[in-house]
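I wanted the overall build on record, then a handful of single residues.

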Amino acid sequence: MQQPKFKRVILKLSGEAMAGDKGYGIDPQTIQGMVHEIKEITDLGVEVAIVVGGGNIWRGHIGEEMGMERAQADYMGMLATVMNALALQDVLENNGVESRVQTALDMRQVAEQYIRRKAIRHLEKGRVVIFAAGTGNPYFSTDTNAALRAAEINADVILMAKNNVDGVYDSDPRHNKDAVMFDSLSHLDVIAKGLKVMDSTASSLSMDNDIPLIVFNMNKPGNIRRVVLGEEIGTTIQNKE
């Protein structure tokens, strides 16, 4: 069996990825495909934690259009991530992958409260841990949650799974056919160039804690496994030596 390059990873999934081509809600076929990819790397012995967004259910700009207070809209977004996490957990367990959902908000009837040492213990036992409800605070994104949890659990890397985008480009490849993809970048490059990889808080947190990121296309079957095995796909972002 091939040996993975990484022992413990954070997989960052956007909420939109859960919707597939539908653009809203949770698409059963799409989530089954995700779980198949995740199972492939857990079978390699990789410890997997997941941070999932909530954009397929709730977007902050909707709250803005309603005149909603930002904090209120952000809490609604946190609840959307919990719904996605529970759906993902159910499909994982139906496919024989033991998992736990941990939330930054207290909702003990449906999920565990986030406890760092407990999360690490779950990972050591081979369980997939899904971190939901962001950091539990408004004004922070799920990208920041991914960077924070990666630092807390000593993850080797954050895997940023993107929809139909192969990596980080100098401009939007969907609108500019001449856009150039970067093979590698530093965290400082990402911040200085204003590249839309993560929000600036998450990028700074990753830089300060020396957490590498790999940005890749999750819609190509087998890509998560390839990344974990060390194949050079997508864009690698890390501190320069």
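The entries below go from the whole chain to single residues.

**Entry 1: the model and its record**

I noted at the start that this is a predicted model. I then looked up the annotation: UniProt, in an unreviewed entry, lists residues 7-217 as "domain: Aspartate/glutamate/uridylate kinase". I checked the ends of that span, and the C-alpha atoms of its end residues lie 21 Å apart. Residues 7-217 are 42% helix and 19% strand.

**Entry 2: overall build**

I went through the secondary structure and found nine helices and eleven strands in the protein. The radius of gyration is 17 Å, close to the 18 Å that the globule rule gives for 241 residues, so the protein is as compact as a globular protein of that length. I also took the extent of the C-alpha trace along its principal axes, which is about 50 × 45 × 35 Å.

Of the 241 residues, 51% count as buried. Among contacts with a separation of 6 or more, 72% are accounted for by residues 24 or more positions apart.

I finished with the surface and the charges. The protein exposes about 12,000 Å², and carbon and sulfur atoms supply 47% of that area. I have 26 positive and 32 negative charges, with mean positions 5 Å apart.

Most residues other than glycine have a negative phi.

Ala133 has a phi near 70° and is not a glycine. I placed Ala133 in the loop between β5 (128-132) and α6 (142-152). Is Ala133 buried or exposed? Its relative accessibility is 0%, so Ala133 counts as buried.

Asp210 is also not a glycine, and its phi is positive at about 55°. I found Asp210 in the loop between α8 (200-208) and β10 (213-217). Asp210 counts as exposed because its relative accessibility is 51% and the cut-off is over 50%.

**Entry 3: Leu13**

I picked Leu13, which sits in strand β1 (residues 8-13). Leu13 has 1% relative accessibility and therefore counts as buried.

Which residues does Leu13 contact, leaving aside its neighbours within four places in sequence? I listed Met34, Ile50, Val51, Val52, Gly53, Leu88, Ala161 and Met218. I also took one distance across the chain: Leu13 and Thr142 are 129 residues apart along the chain, and their C-alpha atoms are separated by 9.4 Å.

**Entry 4: Met107**

I placed Met107 in the loop between β3 (99-103) and β4 (112-113). Met107 has a relative accessible area of 17%; buried means under 20%, so Met107 is buried.

Not counting residues up to four places away in sequence, Met107 touches Leu79 and Val82. I checked Asn84 as well: Asn84 and Met107 are 23 residues apart along the chain, with 15 Å between their C-alpha atoms.

**Entry 5: Ser184**

What does Ser184 touch, not counting residues up to four places away in sequence? I found Thr235 and Thr236. From Ser184 to Val215 I have 9.8 Å, C-alpha to C-alpha, for a pair 31 residues apart in sequence.

Conventions
Residues numbered from 1 in each chain as written. Predicted model: local features only at pLDDT ≥ 70, side-chain atom pairs only at ≥ 80, totals over all residues. Heavy atoms only, no water. UniProt positions renumbered as here; feature names shortened; annotations may be inferred. Helix = DSSP H or I, 4+ residues; strand = E, 2+ residues; numbered from the N terminus. Rg over C-alpha atoms; globule rule 2.2 N^0.38 Å. Buried < 20%, exposed > 50% of the residue type's maximum accessible area, 1.4 Å probe, protein only. Contact = heavy atoms within 4.5 Å. Areas by Shrake-Rupley, 256 points an atom, 1.4 Å probe, with all protein chains shown as cover. Lys, Arg positive; Asp, Glu negative; His and termini not counted. Charge placed at Lys NZ, Arg CZ, Asp CG, Glu CD.
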